[in-house]
Amino acid sequence: GQQVVITAKAAHGLFHGVQTLLQMVGVSKANVWVVPEAVVVDWPRFRWRGLMLDVSRHFFSVEEVLRLLDQQAVHKMSHLHLHLSDHQGWRVEVKKYPKLTEVGAWRVSSPVMGNQHQGDNTPYGGFYTQDDIRRIVAHAAARFIEIVPEIEMPGHCGAMIAAYPEWGNTDIPGWSAPAVAHAWDTPAKEYSLSPRPEIFKALDEIFAELIPLFPSEFFHVGGDELNPIQWVNSPVAQRIKNANGLASEHEMHGWFMKQVEGLLA
């Protein structure tokens, strides 16, 4: 026959049906497009079909992210998880806190390929403006892909604390602010956000700018791999732990994430 019919229960199904059709198209010897006669009945086996892109350690330009989204669409993927912050860089504009990108988006060096302990002595960085994020999110939505942002806390925050040292556990004797990390295995991994009330106020103000940019079901806030050593050594953190009836830094870690959960609710 000379007809192609695509039916679906929703718009994203029609879009994915078109991707299947494009994958089936061939070219004849007469340089004419041809499609084999077939009936394809298809549906996603998994609701979440995604990639995680770590733009903190390895920054990708807007155009590179858009090309990745195009390739995800071809493969009928549903989500792109953007890892926007870590010790090695903060990657999204926050107007209330400009030093997050003025300072936190740049490092002095990166490891050379094949040897994480040797730096290349080349300044490196970059970030997305809020308009960049809007463009990425719109490009994704047109392809039925959801962008899930991730801002790490209370560990993996070296770049945040490099930008705003007052967010760290500054009451520890001899404490000094970290630089934005220029290696993967870094002393910055010992740094954590302080559990003081003013830190949650700053996080709330950051969320107030970022959440409207990402109309996704989820906002990822990390919560993994906290080194509690600075909370152990901080008199302020210990007072907060005791005042809240927390038996350990492990429990305070859970308490910290509950406060963050409350900001997102």
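View 1. Leu22 counts as exposed because its relative accessibility is 52%; here exposed means over 50% relative accessible area, buried under 20%, and partly exposed in between, with a 1.4 Å probe and protein chains only. Leu22 sits in helix α1, residues 11–24. Helices (H or I, at least four residues) and strands (E, at least two) are DSSP runs, numbered from the N terminus. Together with Val4, Ile6, Leu14 and Val18, Leu22 makes a nonpolar surface patch of about 390 Å². Patch members have over 30% relative accessible area and no salt bridge, with nonpolar side chains (Val, Leu, Ile, Met, Phe, Trp, Tyr) joined within 5 Å and like charges within 9 Å. A salt bridge is a side-chain nitrogen of Lys or Arg within 4 Å of a carboxyl oxygen of Asp or Glu.

**About the model.** What you see is a predicted model, in which local features need pLDDT of at least 70 and side-chain atom pairs count only at pLDDT 80 or more, while totals for chains, interfaces and linings use all residues. Residues are numbered from 1 along each chain as its sequence is written, and side-chain values use heavy atoms, leaving out hydrogens and water.

**View 2. The loop between β11 and α5.** Follow the chain from β11 (146–153) towards α5 (158–163), and the loop between them holds Pro154. The peptide bond from Met153 to Pro154 is cis, with omega near -10°. His156 belongs to this loop between β11 and α5 as well. Its phi is near 55°, a positive value in a residue other than glycine. Is His156 buried or exposed? His156 counts as buried, because its relative accessibility is 10%.

View 3. Glu225 lies between β12 (220–222) and α7 (229–233), in the loop that links them. Although Glu225 is not a glycine, its phi is positive, at about 55°. With a relative accessible area of 60%, Glu225 is exposed.

**View 4. Stepping back to the chain.** The C-alpha atoms fill a box of roughly 80 × 45 × 30 Å along the principal axes. Of the 265 residues, 45% are buried. Among contacts (heavy atoms within 4.5 Å) between residues at least 6 apart in sequence, 72% join residues at least 24 apart. The chain exposes about 14,300 Å², and carbon and sulfur atoms supply 57% of that area, calculated by the Shrake-Rupley method with a 1.4 Å probe.
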